[in-house]
Amino acid sequence: TVLVGCTAWDSSGTVDAATLARRLDLNQDLDYGDAAEEWQELSGYTDAEYIVIQSSITFPADGLFHAEFRASDTAGNGPGYSLGIEGIGDDIVIRIDTTSPEATELALGGTTTGSVTLLFTPTEDLTFSRYEVYFAEDSLVDENDLLWGEANDPALAERDTYTTTVSGLAAAADYWFSMRVIDGLNHIGAWSQILPASTTGIAPAAVSDLAITTGDGGVHLSWTAPTVDENGNTPVTITGYEVHASNTAHFLPGIDTWIAGTTGTSFFHNNALESGTAVFYRVVVLGSGENSGELVLLPAGTFTMGQVGTNGIPEHQVTITSPCQLSDHEVTTVDYLLALQWAFDNGYVTASSSTVQAYGQELLDLDDVDCEIGFSDGIFTIQESLSSYAQNAYPAGYDPATHPVKEVSWYGAACYCDWRSLREGFPPYYNGDWSTGIGHNPYTADGYTLPTEAQWELAARYNDNRTYPWGETTPGCGYANMYDSGYCVGWTVPVASYPAGDSQLGLYDLAGNLWEWVNDWYAGYPAVPQSDPLGAASGAYRVMRGGGWTNNASSLRSASRNNSAPGTTDYGIGFRIALQD
(Lines give C-alpha, C1' and ligand atoms only; values in the text may rest on other atoms or scores of the structure.)
Protein backbone atom coordinates (compact mmCIF):
# COMPACT_ATOMS: atom_id res chain seq x y z
CA THR A 1 0.00 0.00 0.00
CA VAL A 2 1.42 3.37 -1.10
CA LEU A 3 0.27 6.93 -0.44
CA VAL A 4 0.11 8.68 -3.84
CA GLY A 5 -0.85 12.27 -4.46
CA CYS A 6 -0.41 15.66 -6.07
CA THR A 7 -1.38 19.30 -5.49
CA ALA A 8 -4.37 20.92 -7.23
CA TRP A 9 -4.25 24.74 -7.25
CA ASP A 10 -6.09 27.61 -8.95
CA SER A 11 -4.51 31.07 -9.23
CA SER A 12 -7.80 32.96 -9.81
CA GLY A 13 -10.23 31.15 -7.60
CA THR A 14 -10.55 28.07 -5.52
CA VAL A 15 -10.41 24.36 -6.25
CA ASP A 16 -13.80 22.69 -6.19
CA ALA A 17 -13.19 19.88 -3.71
CA ALA A 18 -16.30 18.05 -4.87
CA THR A 19 -14.71 17.41 -8.30
CA LEU A 20 -11.56 15.71 -7.09
CA ALA A 21 -11.03 12.22 -8.61
CA ARG A 22 -8.33 9.67 -9.24
CA ARG A 23 -7.92 6.68 -11.54
CA LEU A 24 -5.28 3.90 -11.71
CA ASP A 25 -4.09 1.61 -14.53
CA LEU A 26 -4.37 -1.53 -12.43
CA ASN A 27 -3.54 -4.09 -15.13
CA GLN A 28 -0.52 -2.14 -16.44
CA ASP A 29 -1.75 -2.18 -20.04
CA LEU A 30 -1.29 1.62 -20.49
CA ASP A 31 -5.05 2.09 -20.84
CA TYR A 32 -7.86 3.04 -18.47
CA GLY A 33 -10.39 0.90 -20.31
CA ASP A 34 -11.42 -1.56 -17.59
CA ALA A 35 -14.38 -0.88 -15.31
CA ALA A 36 -12.19 -1.04 -12.21
CA GLU A 37 -10.01 1.72 -13.70
CA GLU A 38 -12.75 4.37 -14.03
CA TRP A 39 -12.54 7.69 -12.18
CA GLN A 40 -13.10 7.42 -8.45
CA GLU A 41 -14.26 10.50 -6.55
CA LEU A 42 -12.13 11.61 -3.59
CA SER A 43 -13.89 13.00 -0.54
CA GLY A 44 -13.00 14.71 2.71
CA TYR A 45 -11.58 17.90 1.17
CA THR A 46 -12.67 21.58 1.55
CA ASP A 47 -12.62 24.11 -1.29
CA ALA A 48 -9.40 26.17 -1.25
CA GLU A 49 -6.94 27.94 -3.55
CA TYR A 50 -4.84 24.78 -3.47
CA ILE A 51 -5.50 21.31 -2.15
CA VAL A 52 -2.93 18.57 -1.48
CA ILE A 53 -4.63 15.43 -2.79
CA GLN A 54 -3.56 12.13 -1.30
CA SER A 55 -4.86 8.66 -2.03
CA SER A 56 -3.80 5.46 -0.30
CA ILE A 57 -3.58 2.75 -2.97
CA THR A 58 -3.07 -0.98 -2.53
CA PHE A 59 -1.34 -2.37 -5.63
CA PRO A 60 -2.12 -5.90 -6.80
CA ALA A 61 1.42 -6.80 -7.90
CA ASP A 62 4.90 -5.47 -8.60
CA GLY A 63 5.26 -3.34 -11.69
CA LEU A 64 4.90 0.10 -13.22
CA PHE A 65 1.49 1.66 -12.54
CA HIS A 66 0.14 4.90 -14.00
CA ALA A 67 -2.13 7.14 -11.91
CA GLU A 68 -3.99 10.32 -12.88
CA PHE A 69 -5.78 12.99 -10.84
CA ARG A 70 -8.30 15.63 -11.97
CA ALA A 71 -10.00 18.67 -10.47
CA SER A 72 -12.19 21.68 -11.44
CA ASP A 73 -12.49 25.11 -9.82
CA THR A 74 -15.61 26.62 -8.24
CA ALA A 75 -16.26 28.65 -11.41
CA GLY A 76 -16.68 25.46 -13.40
CA ASN A 77 -13.35 25.68 -15.21
CA GLY A 78 -11.69 22.38 -15.87
CA PRO A 79 -11.18 19.72 -15.20
CA GLY A 80 -7.41 20.04 -15.00
CA TYR A 81 -5.31 16.91 -14.99
CA SER A 82 -2.18 15.93 -13.11
CA LEU A 83 0.94 16.78 -15.11
CA GLY A 84 -1.05 18.78 -17.65
CA ILE A 85 -3.23 16.79 -20.01
CA GLU A 86 -5.64 13.92 -19.89
CA GLY A 87 -4.30 10.50 -20.87
CA ILE A 88 -1.75 7.98 -19.83
CA GLY A 89 1.22 9.47 -21.68
CA ASP A 90 2.25 11.97 -19.00
CA ASP A 91 0.68 10.48 -15.87
CA ILE A 92 2.27 9.85 -12.53
CA VAL A 93 4.26 6.59 -12.66
CA ILE A 94 4.56 4.48 -9.51
CA ARG A 95 7.14 1.71 -9.32
CA ILE A 96 6.12 -1.10 -7.01
CA ASP A 97 8.99 -3.43 -6.15
CA THR A 98 8.69 -5.83 -3.23
CA THR A 99 11.00 -8.61 -4.46
CA SER A 100 14.74 -9.04 -4.78
CA PRO A 101 16.34 -8.82 -8.24
CA GLU A 102 16.72 -12.05 -10.16
CA ALA A 103 20.16 -13.50 -10.76
CA THR A 104 21.96 -12.47 -13.93
CA GLU A 105 23.74 -14.91 -16.25
CA LEU A 106 27.49 -14.37 -16.29
CA ALA A 107 29.74 -15.17 -19.27
CA LEU A 108 33.39 -14.68 -20.16
CA GLY A 109 33.96 -11.91 -22.69
CA GLY A 110 37.73 -12.29 -22.92
CA THR A 111 40.95 -12.22 -20.91
CA THR A 112 44.27 -10.45 -21.14
CA THR A 113 47.25 -10.42 -18.82
CA GLY A 114 45.95 -8.88 -15.63
CA SER A 115 42.30 -8.37 -16.61
CA VAL A 116 39.08 -10.29 -17.27
CA THR A 117 36.11 -9.00 -19.27
CA LEU A 118 32.74 -10.24 -18.05
CA LEU A 119 29.45 -10.22 -19.94
CA PHE A 120 26.12 -10.43 -18.15
CA THR A 121 22.41 -10.13 -18.79
CA PRO A 122 21.07 -6.70 -17.74
CA THR A 123 18.52 -6.81 -14.96
CA GLU A 124 14.87 -5.83 -15.38
CA ASP A 125 14.50 -4.91 -11.73
CA LEU A 126 12.21 -1.89 -11.37
CA THR A 127 14.21 -0.05 -8.71
CA PHE A 128 17.71 -0.98 -9.87
CA SER A 129 20.60 0.57 -7.98
CA ARG A 130 23.83 -1.18 -8.96
CA TYR A 131 25.65 -4.36 -10.04
CA GLU A 132 28.28 -5.87 -7.74
CA VAL A 133 30.98 -8.28 -8.97
CA TYR A 134 32.91 -10.33 -6.42
CA PHE A 135 36.00 -12.40 -7.19
CA ALA A 136 38.44 -14.69 -5.43
CA GLU A 137 41.35 -17.01 -6.08
CA ASP A 138 39.20 -20.03 -5.24
CA SER A 139 35.78 -21.15 -6.39
CA LEU A 140 34.03 -20.33 -3.10
CA VAL A 141 33.03 -16.76 -3.99
CA ASP A 142 30.89 -14.73 -1.57
CA GLU A 143 30.46 -11.19 -0.25
CA ASN A 144 33.58 -11.53 1.91
CA ASP A 145 35.77 -11.64 -1.19
CA LEU A 146 37.08 -8.76 -3.32
CA LEU A 147 34.48 -6.38 -4.75
CA TRP A 148 34.49 -4.78 -8.19
CA GLY A 149 31.68 -2.23 -8.14
CA GLU A 150 30.51 1.19 -9.28
CA ALA A 151 33.55 2.85 -7.67
CA ASN A 152 35.72 0.87 -10.09
CA ASP A 153 33.36 1.09 -13.08
CA PRO A 154 30.62 3.76 -12.90
CA ALA A 155 28.68 1.91 -15.63
CA LEU A 156 27.81 -0.72 -13.02
CA ALA A 157 25.33 1.84 -11.64
CA GLU A 158 23.46 1.87 -14.99
CA ARG A 159 20.74 -0.74 -15.47
CA ASP A 160 21.45 -1.31 -19.19
CA THR A 161 25.12 -2.14 -18.58
CA TYR A 162 26.01 -5.59 -19.93
CA THR A 163 29.80 -5.80 -19.52
CA THR A 164 32.64 -4.78 -17.25
CA THR A 165 36.39 -5.38 -17.34
CA VAL A 166 37.92 -6.30 -13.98
CA SER A 167 41.49 -4.97 -14.10
CA GLY A 168 44.48 -4.85 -11.79
CA LEU A 169 44.52 -8.63 -11.36
CA ALA A 170 47.66 -10.68 -10.95
CA ALA A 171 49.11 -11.97 -14.22
CA ALA A 172 48.98 -15.69 -15.01
CA ALA A 173 46.50 -16.38 -12.21
CA ASP A 174 43.17 -18.16 -11.92
CA TYR A 175 40.16 -16.30 -10.54
CA TRP A 176 36.49 -17.07 -9.94
CA PHE A 177 33.75 -14.46 -10.37
CA SER A 178 30.14 -14.09 -9.30
CA MET A 179 27.80 -11.12 -9.28
CA ARG A 180 24.50 -9.88 -7.92
CA VAL A 181 22.11 -6.95 -8.31
CA ILE A 182 21.17 -4.48 -5.56
CA ASP A 183 18.01 -2.42 -5.98
CA GLY A 184 17.11 1.00 -4.64
CA LEU A 185 15.13 -0.51 -1.78
CA ASN A 186 18.25 -2.43 -0.72
CA HIS A 187 16.89 -5.77 -1.89
CA ILE A 188 19.93 -7.98 -2.53
CA GLY A 189 19.55 -10.19 -5.59
CA ALA A 190 20.51 -13.82 -5.95
CA TRP A 191 24.07 -14.68 -6.95
CA SER A 192 24.88 -15.53 -10.53
CA GLN A 193 26.71 -18.77 -11.23
CA ILE A 194 30.41 -18.82 -10.33
CA LEU A 195 32.52 -18.28 -13.45
CA PRO A 196 36.21 -19.25 -13.62
CA ALA A 197 38.69 -17.30 -15.74
CA SER A 198 42.45 -16.95 -16.11
CA THR A 199 44.46 -13.76 -16.52
CA THR A 200 46.97 -15.45 -18.78
CA GLY A 201 45.14 -14.76 -22.02
CA ILE A 202 46.23 -12.50 -24.86
CA ALA A 203 43.62 -10.36 -26.61
CA PRO A 204 42.57 -11.52 -30.09
CA ALA A 205 43.66 -9.47 -33.08
CA ALA A 206 41.19 -6.79 -34.14
CA VAL A 207 38.83 -7.16 -37.09
CA SER A 208 40.72 -5.72 -40.07
CA ASP A 209 38.29 -6.18 -42.97
CA LEU A 210 34.92 -4.84 -41.83
CA ALA A 211 32.76 -4.51 -44.97
CA ILE A 212 29.60 -2.39 -45.12
CA THR A 213 26.86 -2.42 -47.76
CA THR A 214 23.39 -0.87 -47.74
CA GLY A 215 20.12 -2.38 -48.88
CA ASP A 216 16.88 -3.92 -47.66
CA GLY A 217 16.24 -0.83 -45.60
CA GLY A 218 19.37 -1.16 -43.49
CA VAL A 219 23.11 -1.72 -43.31
CA HIS A 220 24.81 -5.08 -43.85
CA LEU A 221 28.06 -5.65 -41.93
CA SER A 222 30.44 -8.55 -42.54
CA TRP A 223 33.97 -9.40 -41.45
CA THR A 224 36.45 -12.27 -41.12
CA ALA A 225 37.17 -13.91 -37.78
CA PRO A 226 40.75 -13.20 -36.60
CA THR A 227 42.95 -16.28 -36.61
CA VAL A 228 45.76 -14.86 -34.44
CA ASP A 229 46.05 -12.95 -31.20
CA GLU A 230 47.24 -9.35 -30.95
CA ASN A 231 50.84 -10.58 -31.01
CA GLY A 232 50.29 -12.53 -34.22
CA ASN A 233 50.37 -15.95 -32.55
CA THR A 234 47.99 -18.90 -32.83
CA PRO A 235 45.72 -20.42 -31.70
CA VAL A 236 43.02 -17.93 -30.75
CA THR A 237 39.60 -18.60 -29.23
CA ILE A 238 36.75 -16.34 -30.40
CA THR A 239 33.72 -16.34 -28.10
CA GLY A 240 31.73 -13.65 -29.94
CA TYR A 241 31.60 -10.09 -31.21
CA GLU A 242 30.14 -6.75 -30.15
CA VAL A 243 28.72 -4.45 -32.83
CA HIS A 244 28.97 -0.72 -32.02
CA ALA A 245 27.68 2.31 -33.95
CA SER A 246 27.97 6.08 -33.58
CA ASN A 247 27.42 9.31 -35.50
CA THR A 248 30.96 10.26 -34.51
CA ALA A 249 33.99 8.92 -36.38
CA HIS A 250 36.91 7.40 -34.41
CA PHE A 251 34.63 6.72 -31.42
CA LEU A 252 35.52 4.47 -28.51
CA PRO A 253 33.12 1.52 -28.05
CA GLY A 254 31.09 1.70 -24.86
CA ILE A 255 27.67 1.20 -23.35
CA ASP A 256 26.28 4.17 -25.33
CA THR A 257 27.47 2.79 -28.68
CA TRP A 258 26.58 -0.89 -28.25
CA ILE A 259 24.10 -2.18 -30.86
CA ALA A 260 24.17 -5.96 -30.51
CA GLY A 261 26.20 -9.03 -29.65
CA THR A 262 26.67 -11.88 -32.10
CA THR A 263 28.64 -15.09 -32.48
CA GLY A 264 28.61 -14.92 -36.30
CA THR A 265 30.70 -12.80 -38.66
CA SER A 266 27.85 -10.75 -40.11
CA PHE A 267 25.12 -8.44 -38.83
CA PHE A 268 22.20 -6.50 -40.30
CA HIS A 269 21.45 -3.10 -38.73
CA ASN A 270 18.00 -1.94 -39.76
CA ASN A 271 17.89 1.20 -37.64
CA ALA A 272 19.88 4.34 -38.45
CA LEU A 273 20.93 6.24 -35.34
CA GLU A 274 19.77 9.57 -36.72
CA SER A 275 18.08 10.02 -40.07
CA GLY A 276 20.14 11.89 -42.62
CA THR A 277 23.45 11.62 -40.75
CA ALA A 278 26.50 9.41 -41.22
CA VAL A 279 26.77 6.25 -39.12
CA PHE A 280 30.14 4.75 -38.22
CA TYR A 281 30.57 1.13 -37.13
CA ARG A 282 33.11 -0.86 -35.13
CA VAL A 283 33.23 -4.57 -34.29
CA VAL A 284 34.93 -5.64 -31.06
CA VAL A 285 36.31 -9.20 -30.86
CA LEU A 286 35.68 -11.17 -27.67
CA GLY A 287 37.95 -14.06 -26.75
CA SER A 288 41.62 -14.72 -26.11
CA GLY A 289 44.73 -16.18 -27.61
CA GLU A 290 46.57 -19.22 -26.36
CA ASN A 291 47.33 -18.52 -22.73
CA SER A 292 50.02 -19.28 -20.22
CA GLY A 293 52.28 -21.73 -22.07
CA GLU A 294 50.07 -24.63 -21.03
CA LEU A 295 51.50 -26.66 -23.94
CA VAL A 296 55.05 -28.00 -23.74
CA LEU A 297 57.01 -29.02 -26.83
CA LEU A 298 57.81 -32.73 -27.10
CA PRO A 299 60.67 -32.99 -29.63
CA ALA A 300 60.83 -35.75 -32.21
CA GLY A 301 63.21 -38.52 -31.27
CA THR A 302 64.08 -42.18 -30.86
CA PHE A 303 63.88 -44.01 -27.53
CA THR A 304 63.57 -47.46 -26.02
CA MET A 305 59.94 -48.20 -25.21
CA GLY A 306 58.90 -50.95 -22.80
CA GLN A 307 60.83 -52.76 -20.10
CA VAL A 308 63.00 -55.87 -20.03
CA GLY A 309 61.48 -58.83 -18.26
CA THR A 310 57.99 -57.40 -18.02
CA ASN A 311 55.34 -59.60 -19.58
CA GLY A 312 53.63 -57.92 -22.52
CA ILE A 313 55.92 -54.86 -22.43
CA PRO A 314 59.02 -55.95 -24.38
CA GLU A 315 61.71 -53.37 -25.01
CA HIS A 316 61.76 -52.09 -28.59
CA GLN A 317 63.00 -49.06 -30.39
CA VAL A 318 60.44 -46.40 -31.27
CA THR A 319 60.92 -43.28 -33.37
CA ILE A 320 58.56 -40.31 -33.21
CA THR A 321 59.20 -38.45 -36.47
CA SER A 322 57.48 -35.14 -35.72
CA PRO A 323 57.35 -32.96 -32.63
CA CYS A 324 54.09 -32.30 -30.84
CA GLN A 325 52.90 -30.31 -27.85
CA LEU A 326 51.55 -31.82 -24.65
CA SER A 327 49.58 -30.04 -21.95
CA ASP A 328 51.87 -29.55 -18.99
CA HIS A 329 49.17 -30.71 -16.54
CA GLU A 330 46.31 -33.14 -16.36
CA VAL A 331 43.08 -31.47 -17.45
CA THR A 332 41.58 -29.90 -14.33
CA THR A 333 38.00 -29.78 -13.14
CA VAL A 334 37.75 -26.12 -14.12
CA ASP A 335 39.38 -26.79 -17.52
CA TYR A 336 36.77 -29.44 -18.23
CA LEU A 337 33.86 -27.45 -16.83
CA LEU A 338 34.59 -24.41 -19.05
CA ALA A 339 34.78 -26.54 -22.19
CA LEU A 340 31.77 -28.64 -21.17
CA GLN A 341 29.58 -25.58 -20.59
CA TRP A 342 30.51 -24.32 -24.06
CA ALA A 343 29.74 -27.73 -25.58
CA PHE A 344 26.34 -27.87 -23.86
CA ASP A 345 25.46 -24.29 -24.81
CA ASN A 346 26.29 -25.06 -28.44
CA GLY A 347 24.43 -28.36 -28.65
CA TYR A 348 27.38 -30.78 -28.77
CA VAL A 349 26.27 -32.72 -25.67
CA THR A 350 23.13 -33.55 -23.74
CA ALA A 351 23.04 -33.47 -19.96
CA SER A 352 20.90 -34.36 -16.99
CA SER A 353 21.59 -34.36 -13.27
CA SER A 354 23.14 -37.81 -13.65
CA THR A 355 25.08 -37.88 -16.91
CA VAL A 356 26.60 -36.05 -19.87
CA GLN A 357 26.39 -37.83 -23.21
CA ALA A 358 27.31 -37.49 -26.88
CA TYR A 359 27.34 -39.93 -29.80
CA GLY A 360 25.42 -42.39 -27.62
CA GLN A 361 28.26 -42.59 -25.08
CA GLU A 362 28.54 -41.38 -21.50
CA LEU A 363 31.22 -38.71 -21.23
CA LEU A 364 30.92 -37.78 -17.55
CA ASP A 365 29.21 -39.60 -14.67
CA LEU A 366 27.57 -36.74 -12.75
CA ASP A 367 25.70 -38.76 -10.14
CA ASP A 368 28.72 -40.68 -8.88
CA VAL A 369 29.75 -39.50 -5.41
CA ASP A 370 33.30 -39.01 -6.70
CA CYS A 371 32.33 -36.51 -9.39
CA GLU A 372 33.30 -32.89 -8.72
CA ILE A 373 31.03 -31.35 -11.38
CA GLY A 374 27.29 -30.86 -10.94
CA PHE A 375 24.55 -29.79 -13.35
CA SER A 376 21.26 -27.96 -12.82
CA ASP A 377 19.10 -25.62 -14.93
CA GLY A 378 21.57 -25.63 -17.81
CA ILE A 379 24.58 -24.65 -15.70
CA PHE A 380 27.56 -26.82 -14.73
CA THR A 381 29.13 -26.07 -11.35
CA ILE A 382 32.09 -27.24 -9.29
CA GLN A 383 31.32 -29.18 -6.12
CA GLU A 384 33.17 -31.18 -3.50
CA SER A 385 33.12 -34.94 -3.91
CA LEU A 386 30.91 -36.79 -1.45
CA SER A 387 33.28 -39.75 -1.53
CA SER A 388 34.51 -40.91 1.87
CA TYR A 389 38.03 -40.79 0.43
CA ALA A 390 37.69 -37.09 -0.36
CA GLN A 391 36.02 -36.31 2.95
CA ASN A 392 38.73 -38.18 4.90
CA ALA A 393 41.52 -36.49 2.95
CA TYR A 394 39.97 -33.01 3.25
CA PRO A 395 37.77 -33.02 6.37
CA ALA A 396 37.77 -29.22 6.54
CA GLY A 397 36.71 -28.81 2.91
CA TYR A 398 38.69 -28.28 -0.28
CA ASP A 399 38.50 -26.55 -3.65
CA PRO A 400 38.26 -29.15 -6.46
CA ALA A 401 38.73 -26.60 -9.27
CA THR A 402 42.46 -27.19 -9.79
CA HIS A 403 42.35 -30.92 -9.06
CA PRO A 404 42.43 -33.15 -12.16
CA VAL A 405 38.95 -33.90 -13.46
CA LYS A 406 37.53 -37.32 -12.54
CA GLU A 407 34.70 -39.59 -13.68
CA VAL A 408 35.48 -38.82 -17.34
CA SER A 409 35.33 -41.73 -19.77
CA TRP A 410 37.76 -42.13 -22.66
CA TYR A 411 34.96 -40.77 -24.87
CA GLY A 412 34.66 -37.76 -22.57
CA ALA A 413 38.40 -37.13 -22.87
CA ALA A 414 38.30 -37.43 -26.67
CA CYS A 415 35.31 -35.08 -26.88
CA TYR A 416 37.12 -32.52 -24.73
CA CYS A 417 39.88 -32.52 -27.35
CA ASP A 418 37.28 -31.75 -30.02
CA TRP A 419 35.71 -28.95 -27.98
CA ARG A 420 39.11 -27.33 -27.57
CA SER A 421 39.75 -27.69 -31.29
CA LEU A 422 36.43 -26.13 -32.26
CA ARG A 423 36.85 -23.22 -29.87
CA GLU A 424 40.36 -22.50 -31.16
CA GLY A 425 39.68 -22.79 -34.87
CA PHE A 426 40.97 -26.32 -35.51
CA PRO A 427 39.02 -29.12 -37.19
CA PRO A 428 37.91 -31.71 -34.62
CA TYR A 429 39.90 -34.93 -34.91
CA TYR A 430 37.50 -37.44 -33.32
CA ASN A 431 34.07 -36.12 -34.26
CA GLY A 432 32.53 -39.42 -33.15
CA ASP A 433 35.11 -41.55 -35.02
CA TRP A 434 36.88 -43.69 -32.41
CA SER A 435 38.95 -45.70 -34.92
CA THR A 436 42.71 -45.60 -35.34
CA GLY A 437 44.53 -46.22 -38.62
CA ILE A 438 46.20 -44.68 -41.64
CA GLY A 439 42.95 -42.94 -42.57
CA HIS A 440 42.46 -41.63 -39.04
CA ASN A 441 45.97 -40.98 -37.80
CA PRO A 442 46.47 -38.89 -34.64
CA TYR A 443 50.05 -38.01 -35.69
CA THR A 444 48.67 -36.05 -38.66
CA ALA A 445 45.68 -34.49 -36.86
CA ASP A 446 45.21 -30.74 -37.22
CA GLY A 447 43.40 -30.39 -33.89
CA TYR A 448 43.80 -31.62 -30.35
CA THR A 449 44.01 -35.34 -29.58
CA LEU A 450 44.86 -37.55 -26.68
CA PRO A 451 48.60 -38.34 -26.85
CA THR A 452 49.49 -41.67 -28.37
CA GLU A 453 50.99 -44.19 -25.98
CA ALA A 454 54.37 -43.74 -27.64
CA GLN A 455 54.24 -39.95 -27.33
CA TRP A 456 53.30 -40.26 -23.67
CA GLU A 457 56.20 -42.62 -22.90
CA LEU A 458 58.70 -40.52 -24.86
CA ALA A 459 57.65 -37.52 -22.74
CA ALA A 460 58.11 -39.51 -19.51
CA ARG A 461 61.49 -41.02 -20.54
CA TYR A 462 62.92 -37.91 -22.23
CA ASN A 463 65.77 -37.87 -23.00
CA ASP A 464 67.75 -40.60 -21.27
CA ASN A 465 65.29 -43.53 -21.05
CA ARG A 466 64.76 -42.80 -17.36
CA THR A 467 62.73 -45.19 -15.24
CA TYR A 468 60.51 -42.46 -13.79
CA PRO A 469 59.71 -39.04 -15.20
CA TRP A 470 62.10 -37.38 -12.69
CA GLY A 471 64.91 -39.94 -13.04
CA GLU A 472 65.92 -43.15 -11.30
CA THR A 473 64.96 -42.42 -7.69
CA THR A 474 62.28 -44.78 -6.43
CA PRO A 475 59.18 -42.68 -5.82
CA GLY A 476 57.69 -41.74 -2.49
CA CYS A 477 55.36 -39.02 -1.31
CA GLY A 478 57.96 -36.36 -2.04
CA TYR A 479 57.75 -37.13 -5.78
CA ALA A 480 54.13 -37.98 -6.51
CA ASN A 481 50.67 -38.38 -5.06
CA MET A 482 50.61 -42.18 -4.68
CA TYR A 483 50.37 -45.08 -2.26
CA ASP A 484 53.58 -45.47 -0.25
CA SER A 485 52.97 -47.66 2.82
CA GLY A 486 49.69 -45.80 2.99
CA TYR A 487 48.07 -43.03 0.97
CA CYS A 488 50.14 -39.89 0.59
CA VAL A 489 46.92 -37.86 0.69
CA GLY A 490 44.06 -40.28 0.08
CA TRP A 491 42.57 -38.22 -2.74
CA THR A 492 43.85 -36.12 -5.62
CA VAL A 493 45.76 -32.89 -5.09
CA PRO A 494 45.85 -29.75 -7.25
CA VAL A 495 47.93 -30.29 -10.39
CA ALA A 496 51.64 -29.42 -10.20
CA SER A 497 51.77 -30.00 -6.43
CA TYR A 498 54.94 -32.17 -6.61
CA PRO A 499 57.72 -30.16 -8.33
CA ALA A 500 60.30 -32.84 -7.44
CA GLY A 501 58.34 -35.19 -9.70
CA ASP A 502 58.32 -32.96 -12.78
CA SER A 503 59.69 -34.50 -15.98
CA GLN A 504 62.77 -33.19 -17.74
CA LEU A 505 60.49 -31.34 -20.17
CA GLY A 506 58.61 -29.66 -17.33
CA LEU A 507 55.48 -31.83 -17.43
CA TYR A 508 53.61 -32.18 -14.14
CA ASP A 509 52.17 -35.36 -12.62
CA LEU A 510 53.07 -37.79 -15.40
CA ALA A 511 53.39 -40.16 -12.47
CA GLY A 512 50.76 -40.19 -9.74
CA ASN A 513 47.62 -38.21 -9.00
CA LEU A 514 45.52 -39.93 -11.74
CA TRP A 515 45.98 -42.53 -14.44
CA GLU A 516 45.79 -40.83 -17.84
CA TRP A 517 43.81 -41.99 -20.88
CA VAL A 518 45.88 -42.12 -24.08
CA ASN A 519 44.71 -42.61 -27.65
CA ASP A 520 45.68 -46.27 -28.19
CA TRP A 521 43.63 -49.44 -27.97
CA TYR A 522 45.20 -51.86 -25.52
CA ALA A 523 47.21 -54.74 -27.06
CA GLY A 524 50.62 -56.37 -26.68
CA TYR A 525 53.67 -54.61 -28.11
CA PRO A 526 55.60 -55.91 -31.09
CA ALA A 527 59.25 -56.53 -30.25
CA VAL A 528 60.54 -54.87 -33.43
CA PRO A 529 61.47 -51.21 -34.09
CA GLN A 530 58.56 -48.95 -34.97
CA SER A 531 58.01 -45.46 -36.32
CA ASP A 532 55.02 -43.38 -35.14
CA PRO A 533 53.18 -46.45 -33.80
CA LEU A 534 49.39 -46.29 -33.80
CA GLY A 535 48.79 -49.31 -31.60
CA ALA A 536 46.06 -51.83 -32.34
CA ALA A 537 43.38 -50.96 -34.89
CA SER A 538 40.60 -51.99 -32.52
CA GLY A 539 39.98 -53.59 -29.17
CA ALA A 540 37.87 -53.72 -26.05
CA TYR A 541 40.05 -51.55 -23.83
CA ARG A 542 41.98 -48.28 -24.04
CA VAL A 543 45.44 -47.73 -22.57
CA MET A 544 46.02 -45.70 -19.40
CA ARG A 545 49.41 -44.43 -18.26
CA GLY A 546 51.17 -42.96 -15.23
CA GLY A 547 49.58 -44.47 -12.13
CA GLY A 548 47.47 -42.60 -9.62
CA TRP A 549 46.93 -41.73 -5.99
CA THR A 550 45.90 -45.32 -5.15
CA ASN A 551 48.95 -46.96 -6.81
CA ASN A 552 52.43 -47.89 -5.63
CA ALA A 553 55.86 -47.35 -7.23
CA SER A 554 55.51 -50.17 -9.76
CA SER A 555 52.59 -48.44 -11.48
CA LEU A 556 54.43 -45.11 -11.61
CA ARG A 557 57.23 -46.37 -13.89
CA SER A 558 57.47 -44.66 -17.28
CA ALA A 559 56.96 -48.04 -18.98
CA SER A 560 54.01 -49.18 -16.84
CA ARG A 561 50.67 -49.74 -18.57
CA ASN A 562 47.07 -50.18 -17.53
CA ASN A 563 43.79 -50.44 -19.40
CA SER A 564 40.06 -50.03 -19.04
CA ALA A 565 36.96 -50.08 -21.22
CA PRO A 566 36.55 -46.71 -22.96
CA GLY A 567 33.17 -46.17 -21.31
CA THR A 568 34.66 -46.48 -17.82
CA THR A 569 34.32 -43.51 -15.48
CA ASP A 570 36.35 -43.60 -12.27
CA TYR A 571 37.83 -41.45 -9.51
CA GLY A 572 41.30 -42.70 -10.47
CA ILE A 573 41.36 -41.79 -14.20
CA GLY A 574 42.02 -38.44 -15.88
CA PHE A 575 43.87 -37.28 -18.99
CA ARG A 576 46.04 -34.67 -20.69
CA ILE A 577 45.93 -33.50 -24.31
CA ALA A 578 48.26 -33.20 -27.30
CA LEU A 579 48.50 -30.86 -30.28
CA GLN A 580 50.54 -32.04 -33.27
CA ASP A 581 53.05 -29.53 -34.70
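**Salt bridges, strands and cysteines in a predicted model**

Glu457 and Arg461 both sit in helix α4, four residues apart, which is about one turn of the helix. Helices here are DSSP runs of H or I with at least four residues, strands are runs of E with at least two, and both are numbered from the N terminus. Before I continue, please note that this is a predicted model, in which local features need pLDDT of at least 70 and side-chain atom pairs count only at pLDDT 80 or more, while totals for chains, interfaces and linings use all residues. Residues are numbered from 1 along each chain as its sequence is written, and side-chain values use heavy atoms, with hydrogens and water left out.

Glu457 forms a salt bridge with Arg461, and the closest N and O atoms are 2.7 Å apart. By salt bridge I mean a side-chain nitrogen of Lys or Arg within 4 Å of a carboxyl oxygen of Asp or Glu. Both Glu457 and Arg461 are buried; the term buried stands for under 20% relative accessible area, exposed for over 50%, and partly exposed for values in between, with a 1.4 Å probe and protein chains only.

Arg545 is buried, as is Glu457. These residues belong to a network of salt bridges that links Glu453, Glu457, Arg461, Arg545 and Arg561. In general, side chains of opposite charge can pair when their charged atoms come close.

The structure holds 12 salt bridges. Another one joins Arg23 to Glu68, with 3.0 Å between the closest N and O atoms. Arg23 lies in strand β2 (residues 15–24) and Glu68 in strand β5 (residues 63–73), so this pair ties together parts that are 45 residues apart in sequence. Arg23 and Glu68 are both buried.

Ser82 lies in the loop between β6 (80–81) and β7 (92–96), and its relative accessibility of 8% makes it buried. Setting aside neighbours within four places in sequence, Ser82 is in contact, that is, has heavy atoms within 4.5 Å, with Cys6, Ala67, Glu68, Phe69, Asp90 and Ile92.

I turn now to the strands. Seven of the nine residues of strand β10 (residues 128–136) are buried, so β10 is largely enclosed by the rest of the structure. Two strands count as paired if DSSP finds at least two bridges between them. Eight bridges join β10 to strand β13 (residues 174–183), and the two run antiparallel; here Glu132 stands opposite Arg180 in β13. Three bridges connect β10 with strand β11 (residues 146–148), again antiparallel, and the bridge partner of Val133 in β11 is Trp148.

Elsewhere, three strands form an open antiparallel sheet in the order β25-β26-β27. β25 (350–351) and β27 (361–365) stand at the edges, each with a single partner strand, so one side of each is left without a neighbour in the sheet. Four bridges join β26 (residues 355–358) to β27, and Val356 stands opposite Leu364 in β27.

Next, the cysteines. How many disulfides are there? With a disulfide defined as a pair of cysteine sulfur atoms within 2.5 Å, the count comes to one. This disulfide joins Cys477 to Cys488, with an S to S distance of 1.9 Å. The torsion about the S-S bond is about -90°, so the disulfide is left-handed. Cys477 and Cys488 are both in the loop between α4 (453–461) and β31 (515–521), 11 residues apart. Cys477 is partly exposed at 34% relative accessibility, and Cys488 is partly exposed at 22%.

By contrast, Cys324 is in no disulfide, and the nearest cysteine sulfur, that of Cys417, is 12 Å away. Cys324 is buried at 1% relative accessibility.

Trp9, found in strand β1 (residues 2–9), is exposed, with a relative accessible area of 61%.
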